[in-house]
2 protein chains.
Amino acid sequence: MVRQRRPTITDVARAAGVSKGAVSFALNGRPGVAEETRRRILAAAKELGWTPSHRARALSASRAFAVGLVLARPPELLGADPFFPAFIAGVERVLAERNQALVLQVVTNQRAEEDGYRRLAADGRVDGVFLLDLRVADPRIALLGQLRLPAVTLGRPDVASPFPAVLVDDRPGITATVRHLVELGHRHVAHVAGPEHFLHGTARRDAWEGALRAAGLPPGPCVSSDFSAAGGARATGQLLDLADPPSAIIYANDVMAMAGMAVARERGLDVPGGLSVTGFDDTELAAHISPSLTSVRTDPSGWGRVAARTLLDLIDGDGGVDVEMPPAQLVIRASTAPPPTPHQSP
Amino acid sequence: MVRQRRPTITDVARAAGVSKGAVSFALNGRPGVAEETRRRILAAAKELGWTPSHRARALSASRAFAVGLVLARPPELLGADPFFPAFIAGVERVLAERNQALVLQVVTNQRAEEDGYRRLAADGRVDGVFLLDLRVADPRIALLGQLRLPAVTLGRPDVASPFPAVLVDDRPGITATVRHLVELGHRHVAHVAGPEHFLHGTARRDAWEGALRAAGLPPGPCVSSDFSAAGGARATGQLLDLADPPSAIIYANDVMAMAGMAVARERGLDVPGGLSVTGFDDTELAAHISPSLTSVRTDPSGWGRVAARTLLDLIDGDGGVDVEMPPAQLVIRASTAPPPTPHQSP
DNA sequence: AGCATCGTCCAAACCGGTTTAGTGACCGTC
DNA sequence: GACGGTCACTAAACCGGTTTGGACGATGCT
């Protein structure tokens, strides 16, 4: 016996001998249905294997019961960055509890990204979106405002924003990293930053510079890169080619740091003996390379959970307040050590 | 002037002085509308900024215009694996062209994974799904069959499957790797495999074993692991602790290979001087560590594109045939070299 | 002139839920 | 015994599209 058509609310109503409305009320636990009738209806629904059609409910309620995420990254970077999968996993955990879905859009450049949001909004496929990788003077905030699409930003925008933010602060992690290196005796600490148009990139750079100044040291050289291994290698080459190369390099992510370590090594420069290296993200691999990588542990999955909760609350009309996340923690491993002393060269 | 409500097809019909039906026909380019009327309708739609409501269309057409993907991976692995982001990027590219959306579900264990598919099906949120990470005697195939949910599998299942498959063959890559090592003079080649219940894991292992036998060599030791850095390190430790340790290790992915290289190095074993190492996936980082990692290049983004096209065709009723993808290619780098000769030990 | 045919368009049904207005039945009250 | 108030439930409208059956006028043919 093959079930040809999935049962509808009408089938359930007929089976239970009531009207469609009664079934809807019973299912949604609303008052005005006698207990005995409710039981009969639920039994009939179970018997028929009925589940309310998401499509019909969406049309009726004028809601999508889904939230959206638009990822704009060049394809070669997508795989390297552990952030997204972890963030999405956190988001999912909350969405699953509340029977919502995640609609994903992956695009490869910024122009397409804005179209992505436009399409999600025009189609009414989602009730709200996440805004990641905030940029300087981010145009997407105004766009989402005029699209009337609720949103939650990860980080605090540098422009007026009507949206709640999940406040992640990378700075303490960088500050702690600088302090750690300074305590080891480093006086010449360079930085390989992320792309300049990202807010988190500039925040990390500012923290690096601020912490050095606070320690009474001049900020060393800083090279902007792109979070890729190739970019990290290139930046490292530039820094080591300087007349006065740094004794330590703080990278804006682990992948660049690992590539940087390799470059140093290829040049016969020992890590950490000749050069200290630190990363950011604390990817799983960081603890398992040699030497193990000092890094800053972040919690993208936790951010995802909080961002999802904030967004759903915003959509439901309540909430809409910023949430502060605990600061990232420095994890000290074997890639950092005191700088080589000039008169101790091998 | 704020637009309070998004315009509906009725608004457009009124503005153009025609019926709803006429607007629908005009928009969908169906015959039976005079050219002049069609122009007037399209002009009115443009004027009002009307876009058809995806929700209404979905209900009416009994289609979701979306496809689903359920990811079952422990959270700590999600970030390390470059496969998913790349696969998804490929999928997205095709979906965007055809105005479809991707509904993602991330769960952390297999039981939840099946519920994920059940929920996608029960809600009618998607018209079809991708089936990744095929397992031995995969129960999801029967499940999707009884849920009447069209699917495309990545790889060929080991059980009867009514679904088209995108055939990716890891074996030539592994075979080439073994041949490369044997040509270098290795006689003792070990393997660190993925979890045994994954079909791709066993396929790689079989290829490794087969290629060694073809070369007239006994298969060396094989340890199953979990694709994580920690797992790769552990497996490497086991192999190097053997009375007769291998001179080369083929890892089932790059992350485990990188962790393995670190373990060898910590033990004072030079790579590739004392131990040759190969990975699988050819992640971006592989070319930028030291020594650079010999690996097998795969094309997850290409698989995503083909899988998406195949699934959409299947949903549309045409197609449904398997597609063969080009085999993975070996990329030789610096982590492989001739084995140390016993009488040449330093 | 009468009739069939065609192109154009409209009204209404339909998808499967939610929600509102309204109908009885039953209760207690003065 | 007429009245007001609950309670349980139904009928129908509604969400915004697509699709079907048929109306209507213009045209072609005999």
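Predicted model: local features only at pLDDT ≥ 70, side-chain atom pairs only at ≥ 80, totals over all residues.

User: Good to know. What is the strand order in the open sheet of chain A?

Analyst: The order is β7-β6-β8-β9, four strands with parallel pairing. β7 (222–224) and β9 sit at the edges, each pairing on one side only.

User: And by how much are neighbouring strands turned against each other?

Analyst: On average by 15°, with direction ignored.

User: Let's zoom in on β8(A). Which way do its residues point?

Analyst: The strand covers residues 248–251. A:A248 and A:I250 point one way, while A:I249 and A:Y251 point the other way.

User: Are those residues buried or exposed?

Analyst: All of them are buried.

User: What does β8(A) pair with?

Analyst: On the one hand there is β6 (residues 189–193), in the parallel sense over four bridges. On the other there is β9 (residues 276–278), also in the parallel sense, over three bridges.

User: Which residues stand opposite A:I249?

Analyst: In β6(A), A:A190 stands opposite A:I249. In β9(A), A:V277 stands opposite A:I249.

User: Nice. What kind of unit do β8(A) and β9(A) make with helix α12?

Analyst: A right-handed β-α-β unit, with α12 of chain A spanning residues 254–266.

User: Back to the other end of the sheet: how many bridges link β6(A) and β7(A)?

Analyst: Three bridges, in the parallel sense.

User: Switching to the DNA. How many residues surround DNA strand C, and which are the closest?

Analyst: There are 27 residues around DNA strand C, and the closest are A:I9, A:G21, A:S24, A:A56 and B:G21. The elements giving two or more residues to that surface are α2 (20–27) and α4 (54–61) of chain A, together with α2 (20–27) and α4 (54–61) of chain B.

User: What's the make-up by class near DNA strand C?

Analyst: Twelve nonpolar, twelve polar and three charged residues.

User: And which residues are closest to DNA strand D?

Analyst: Those are A:G21, B:I9, B:G21, B:S24 and B:A56, out of 27 residues that surround DNA strand D. Two or more residues each come from α2 and α4 of chain A, and from α2 and α4 of chain B.

User: How many residues of each class does the surface near DNA strand D have?

Analyst: That surface has twelve nonpolar, twelve polar and three charged residues.

Terms used. Residues numbered from 1 in each chain as written. Chains lettered and ligands numbered in written order. Buried ≥ 20, exposed ≤ 12 C-beta atoms within 10 Å, placed from the backbone. Pairing = 2+ DSSP bridges. Right-handed = clockwise from strand over helix to strand, strands pointing away. Axes fitted to C-alpha atoms, helices over the stretch in contact; angles between N-to-C directions. Near = placed C-beta within 6 Å. Nonpolar A, V, L, I, M, F, W, Y, C, P; charged D, E, K, R; others polar.
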